[in-house]
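Try each task before you read its solution.

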Amino acid sequence: MNTGIKGVRRASAVLVTASAMLAGGALVTPAHAAAPPKPSIVAKGGYVMNNSTGKSLYTKSADTRRSTGSTTKIMTARVVLGQRNLNLDSKVKVQKEYSDYIVRNNYASSARLIVGDKVTVRQLLYGLMLPSGCDAAYALADKFGKGTTRAKRVKNFIGQMNSTARSLGLSNTHFDSFDGIGHGANYSTPRDLTKLASNAMKYSTFRTVVKTKSTTQKVTTKSGGYRNMSWSNTNNLLGSYRGTIGVKTGSGPEAKYCLVFAATRNGKTVVGTVLTSSSLNNRTKDAKKLLDYGFKVA
């Protein structure tokens, strides 16, 4: 009986000791922090990824094809920057057709290029990406497309946009315009546009342009003099969200309000897209929510 009592006492002591250790936290496995709740956005489609690893951080209808509006111009810039032996300081003469195109399309967004002026390719990229100039997009397509007529050059340039999309594995993307004023077959997805932006950001010129809030560029006039062209960026994340480094806004009757965005904080870069948001303010709010979330889970 004594042996049994001693055994019970020893067992009780072990239990007491274990309980004390648990209470003191010595044997408690550290609990992982609860994942932050997935944000709710107004946009019909959204996607966020870690730019360094390519890891998906957020998806909402990420592979649903939608109209892209002027976010198309990311590909316009990407095709230009991918040209062999590109000379960013080569000059392009502004043609009347570029201005007429703006008028024909109900005064589409414009860089206000003036017929007869000579602007550099670099300046056209600023005019393309900051004020979202469709005239600048036209000028670049005319310059870098191949063909004996303007129509053939533009068609070839759009072909380059689509071949670049295929080479980047953007299987849900197709372009039928150089600026997003499509003809029924201009579409992409939040995932594809995010991947496109990530790829474009590998070009230092692209990074410099899309993070610029405003710029004044000196261009050569028809008479050989100079004029200053001032452009402001339509991406109002710049200056309102810490760490923003780009990328491009978009809008249109079908596209509604779109935004491809990127920001860097604490050594992490998050890039993403919202498509078909309901207003300019909501697309910005959507992007900020997704950036906040992305930095928490990246």
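## Exercise 1: the cavity

The largest cavity has a volume of about 30 Å³. This is a predicted model, in which local features need pLDDT of at least 70, side-chain atom pairs count only at pLDDT 80 or more, and totals for chains, interfaces and linings use all residues. Residues are numbered from 1 along each chain as its sequence is written, and side-chain values use heavy atoms, with hydrogens and water left out.

**Task.** Work out which residues line the largest cavity, and which elements they come from.

**Solution.** 
1. Start with the rule: on a 1 Å grid over the protein atoms alone, a cavity is a set of points where a 1.4 Å probe fits but cannot get out, and lining residues have an atom within 4 Å of a point. Points are joined across faces, edges and corners, and a volume is the space filled by probe spheres set on them.
2. List the lining: Ala77, Leu81, Leu125, Met129, Thr205, Phe206 and Val209.
3. Assign elements, taking helices (H or I, at least four residues) and strands (E, at least two) as DSSP runs numbered from the N terminus. Helix 2 (73-81), helix 4 (121-129) and helix 8 (204-210) each give two or more residues; helix 8 has the largest share, with three.

## Exercise 2: the core

**Task.** Find the residues that touch the most other members of the largest nonpolar core.

**Solution.** 
1. Such a core is a set of buried Ala, Val, Leu, Ile, Met, Phe, Trp, Tyr and Cys residues joined through side-chain atoms within 4.5 Å, where buried means under 20% relative accessible area (1.4 Å probe, protein chains only).
2. The core has 60 residues, and Met129, Phe178, Phe206 and Val247 touch the most other members. Helix 5 (residues 134-144) gives the most to this core, eight residues.
3. Zoom in on Met129: leaving out residues up to four places away in sequence, its contacts (heavy atoms within 4.5 Å) include Ala77, Phe206, Val209 and Val247.

## Exercise 3: the pocket

**Task.** Say which element supplies the largest share of the lining of the largest pocket.

**Solution.** 
1. A pocket is an open set of grid points with protein on both sides within 12 Å along at least five of seven lines; the largest has a volume of about 520 Å³.
2. Of its 29 lining residues, Gly69, Gly180, Ser251, Gly252 and Pro253 are the closest to the centre.
3. Strand 3 (66-67), strand 9 (244-252) and helix 9 (280-297) each supply at least two lining residues.

Key. Buried < 20%, exposed > 50% of the residue type's maximum accessible area, 1.4 Å probe, protein only.
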